[in-house]
Amino acid sequence: MCVESDGCEIEGCGSTDEVHTLSGSMSPTLKTNPDLHPCKPGQKFRAALLKCRSPAAAAGILSFGNVLNYMDRYTVTGVLLDIKQHFKVSDSYLGLLQTVFICSFMIAAPIFGYLGDRFNRKVILSCGIFFWSAVTLSSSFISSEEHYWLFVLSRGLVGIGESSYSSIAPTIIGDLFTNNSRTMMLSVFYLAIPLGSGLGYILGSTAKEAAGDWHWALRVSPFLGMTAGTLILFFVPDPKRGNADPHGVRIKSHTSWVCDMRALLKNRSFVFSSLASATVTFATGAFGTWIPQYLFRARVVQKVTEPCTSPPCSSNDSLIFGAITCVTGLLGVVIGAVTTRMCRQKTERADPLVCAVSMLGSAIFICLIFVTAKKSIEGAYVCIFIGETLLFLNWAITADILMFVVIPTRRATAVALQGFTSHLLGDAGSPSLIGLISDALQQSYKSSMLWQFLSLGYALMLCPFVIVLGGMFFLATALFFLDDREKAEKQINQLTRPPSSVKVTK
């Protein structure tokens, strides 16, 4: 039989069964005790819930929540052309939607990282999901052209809610699994980035087409988000920090936030991988916002479709781009995980080296997008497919690099700082920057659709060069990876050393 913490007997348990406690640990098997009393109905329900709280189920729920985070983020992008026509704004003002979202996201990330290293993580996750769901639903009722600023502000508030999730959820997975299992589960978790992004385009486009109004695109993901928040509260444990690492259950000391930040900034592998991650987010932020618009303008130039002057506008390119992003995300994460596992047998520096090679290869095919788009939309989509697949190879690997070189008690802070850096130097400014460059190039030929297409393409050409820079940062990470991993292992051993083995000097 199994015994819960209140001393009641749980029916239906065998003598070799174990039960998850509320802390996420496993209670040991106990022998029959005549003093035990039968469980009350409420306690039986609670025990049944505890049985469902397996590490695999928790990772699945957290991955589902991450899909919803990115789906909500890119639902707006799926109807961007309609928003532009509805509020009558320029490219630069349109880019503010993503920029304000990311700025609030990155400012809130260090705060949630600090909280995630010290307080109950699943409660913070649930509150964040409930918050962004409510704000997104409320923003769908903003319809006046004069209230565009309020719509932009709502995206900033959504960024705060989503920041809590991205900063904390990976650390829970890191404390539930280790080694190759952790790599695989983090791969599934980060698969949500391209998968959720692609589904966001598809959801935005299909909901708009079905309802005949782009506002309905923002009224689906909030209900799914509230469902995910509830599942996290009931079925996701909050394991002890470092629980999956060797001797991790005995890590109890916490250093100050200033000490954590100082140690992370001295960690060369962490710094270079964070800079490389920033180049990836720069490119994905710019592509996610502007590629569907670029391809729509290409169709107009080729006289395949007519320019859009009032909503609803054609959303075919958003649908196709969303589907490609979903498929390339799946392929990229799977290929990245398998390739890294194989290369680890050849070299211990496999993780950063695989990322570097994939980045450099991605830059080549992304350059070809702008060469082929003017004459062949299909050729552009082929280049997008290959370029995105190579770009998405490194999402989960980058997170695994962080787990290797950072000790468990400061991982949430490290994830938050990496997120802050990635967004500050990446997609916080890239959508607006691309829009500003495009607007500046259009000044002399505003009435020419050909020049609108070319100017946006010239602006997007900045991305391949940034991606090449990211490949260089990953190569730099490879130089220091083994030393920093060894330092982290030594720190863990010091933290887990029994008090009797520590010498005290006067």
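Analyst: Helix 10 and helix 11 cross with a right-handed sense. This comes from a predicted model. Two packed helices are described by the angle between their axes and the distance between the axes. For helix 10 and helix 11 (residues 316-343), the axes cross at roughly 130 degrees and come within 9 Å. An angle over 145 degrees would count as roughly antiparallel, and 65 to 115 as roughly perpendicular. Helix 10 and helix 11 are therefore oblique to each other. On the side of helix 10, the contact is made by Phe287, Gly288, Ile291, Pro292, Leu295, Phe296 and Arg299. Helix 11 contributes Asp317, Ser318, Ile320 and Phe321.

The largest nonpolar core has 95 residues, and the members that touch the most others are Leu62 and Leu460. Helix 10 (residues 268-301) supplies the largest share of this core, 12 residues. Apart from this core lies another one of 16 residues, including Val76, Leu94, Tyr148 and Val152.

Not counting residues up to four places away in sequence, Leu62 touches Leu125, Tyr165, Ala169, Ile172, Ile173, Phe189, Ile232 and Val236. In soluble globular proteins, nonpolar side chains tend to be buried together.

Helix 17 (residues 449-460) has 12 residues, which at 1.5 Å a residue should span 16 Å; its end C-alpha atoms are 17 Å apart, so the two values agree.

Helix 16 gives a similar check. At 1.5 Å a residue, the 13 residues of helix 16 (residues 430-442) should span 18 Å, and the end C-alpha atoms are 18 Å apart, which agrees. The buried residues in helix 16 include Ser430, Pro431, Ser432, Ile434 and Gly435. Ser432 has a relative accessible area of 10%, and it counts as buried because this is under the 20% cut-off. Leaving aside neighbours within four places in sequence, Ser432 is in contact with Ser92, Gly95, Leu96 and Thr99.

Last, the chain as a whole. The protein chain has 18 helices and five strands. Of its 506 residues, 56% are buried. Among contacts between residues at least 6 apart in sequence, 84% join residues at least 24 apart.

Key
Residues are numbered from 1 along each chain as its sequence is written. This is a predicted model: local features need pLDDT of at least 70, side-chain atom pairs count only at pLDDT 80 or more; totals for chains, interfaces and linings use all residues. Side-chain values use heavy atoms; hydrogens and water are left out. Helices (H or I, at least four residues) and strands (E, at least two) are DSSP runs, numbered from the N terminus. The expected span of a helix is 1.5 Å times one less than its number of residues. A nonpolar core is a set of buried Ala, Val, Leu, Ile, Met, Phe, Trp, Tyr and Cys residues joined through side-chain atoms within 4.5 Å. Buried means under 20% relative accessible area, exposed over 50%, partly exposed in between (1.4 Å probe, protein chains only). Contact means heavy atoms within 4.5 Å. Axes are lines fitted to C-alpha atoms, for helices over the stretch in contact, and angles run from 0 to 180 degrees between N-to-C directions. Angles under 35 degrees count as roughly parallel, over 145 as roughly antiparallel, 65 to 115 as roughly perpendicular and the rest as oblique. A crossing is left-handed if the near helix is turned anticlockwise from the far one by less than a right angle, and right-handed if clockwise.
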